[in-house]
Amino acid sequence: MKKLSAVLLVLSVCFGCLLVGRPASAADATVTYVGNAGFLVTVGSQKVLIDAMFGGFPGGYRLPANVEQAIASAQPPFDGVDLILVTHDHADHFSASMVRRHMEANPGAILVAGPQVAGQLSDFGARVATLTATAGKAATTTQNEIRVLAIYLSHGVFPAREPEIVNYGYLITIGDVSFFHTGDIDPVTIGIETFRGYGLASQGIDFAFVPHFLLGGRSADPGLVAAIGATYVVAAHYEYTMLPLMRTAILKAYPTAVVFENDKELDRWTMP
Ligand SMILES: [Zn+2]
């Protein structure tokens, strides 16, 4: 048993060397799974957090304590984050208090979001960029040399007396790398024409974060995924979904898809 654990230790140390010791070139793009629909994207020396700071719904999934602590206090791997993006104001995507803590710990971080999210942190002044996108009309900003295009993508129909929670999909461009995050989308309300209307498929998107149930299983929507037209799809929204994660079906439909394990936060994928 002792020998085995020694071997395992050596293996894991070497594995760590490979991951940590590899110098990042400017073109390296790495995705770190944070939790649910939250990711850290690193391109060269630049870092973007998207939907990665959230408290979740009562009784549901929460970020592991060590991850929550690291992200709120801007400790590695969440140090030096340049941009924070939030798709919409739902508890499984956004916690104003956690974003606040991160921004206080990391004075270089800029928040980009729609009014419902940005309005909760407006006291940060110029460190908050509010984008207002409406149906068919995108909004854009460039912050810390990162270009963000926000497009309004309906979250679905809300009950008559409830305000709509406005969801934005984001196209992010850093140097020659671009990626897309849908946020929470209701394909029935949106329709593929909406995606086609923005001409996403002609923009050479490198990778796109898409809710897992649109990639595989009975709600899969290959037309929508084609309309985004990314080279790689990354399954997202691992928690709080009624439909199970259909890993095999996703990989059958998209052999190069990136499918994380929902309980392996901080796992990473580097774009080939
Ligand atoms: Zn939502």
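## Exercises on a predicted chain

In helix H3 (residues 96-105), the buried residues are Val99, His102 and Met103. The model is predicted: local features need pLDDT of at least 70, side-chain atom pairs count only at pLDDT 80 or more, and totals for chains, interfaces and linings use all residues. Residues are numbered from 1 along each chain as its sequence is written.

**Exercise 1.** Determine how the buried residues of H3 are arranged about the helix axis, and which elements they pack against.

*Solution.* Step 1: a residue is buried if 20 or more other C-beta atoms lie within 10 Å of its own, exposed if 12 or fewer, and partly exposed in between, with C-beta atoms placed from the backbone. Helices (H or I, at least four residues) and strands (E, at least two) are DSSP runs, numbered from the N terminus.
Step 1: viewed down the axis of H3, the buried residues fall within an arc of 95 degrees, so they line one face of the helix. The arc is that of the directions from the helix axis to the C-beta atoms.
Step 2: these residues pack against helix H2 (65-72), strand S4 (83-85) and strand S5 (110-113).

**Exercise 2.** Which residues have the most contacts inside the largest nonpolar core?

*Solution.* Step 1: a nonpolar core is a set of buried Ala, Val, Leu, Ile, Met, Phe, Trp, Tyr and Cys residues joined through C-beta atoms within 7 Å.
Step 1: the largest such core has 80 residues, and those with the most contacts inside it are Leu85, Tyr170, Phe180 and Ala208. Strand S8 (residues 146-152) provides the largest share of this core, six residues.
Step 2: two residues are in contact if their C-beta atoms, placed from the backbone, lie within 7 Å. Leaving aside neighbours within four places in sequence, the contacts of phenylalanine 180 include Tyr170, Leu200, Ala208 and Ile228.

**Exercise 3.** Is threonine 248 buried or exposed?

*Solution.* Step 1: threonine 248 is found in helix H8 (residues 247-253).
Step 1: threonine 248 has 10 other C-beta atoms within 10 Å and is therefore exposed.
Step 2: threonine 248 and threonine 132 are 116 residues apart in sequence and 38 Å apart in space, C-alpha to C-alpha.
Step 3: for the chain as a whole, buried residues make up 41% of the 272 residues.
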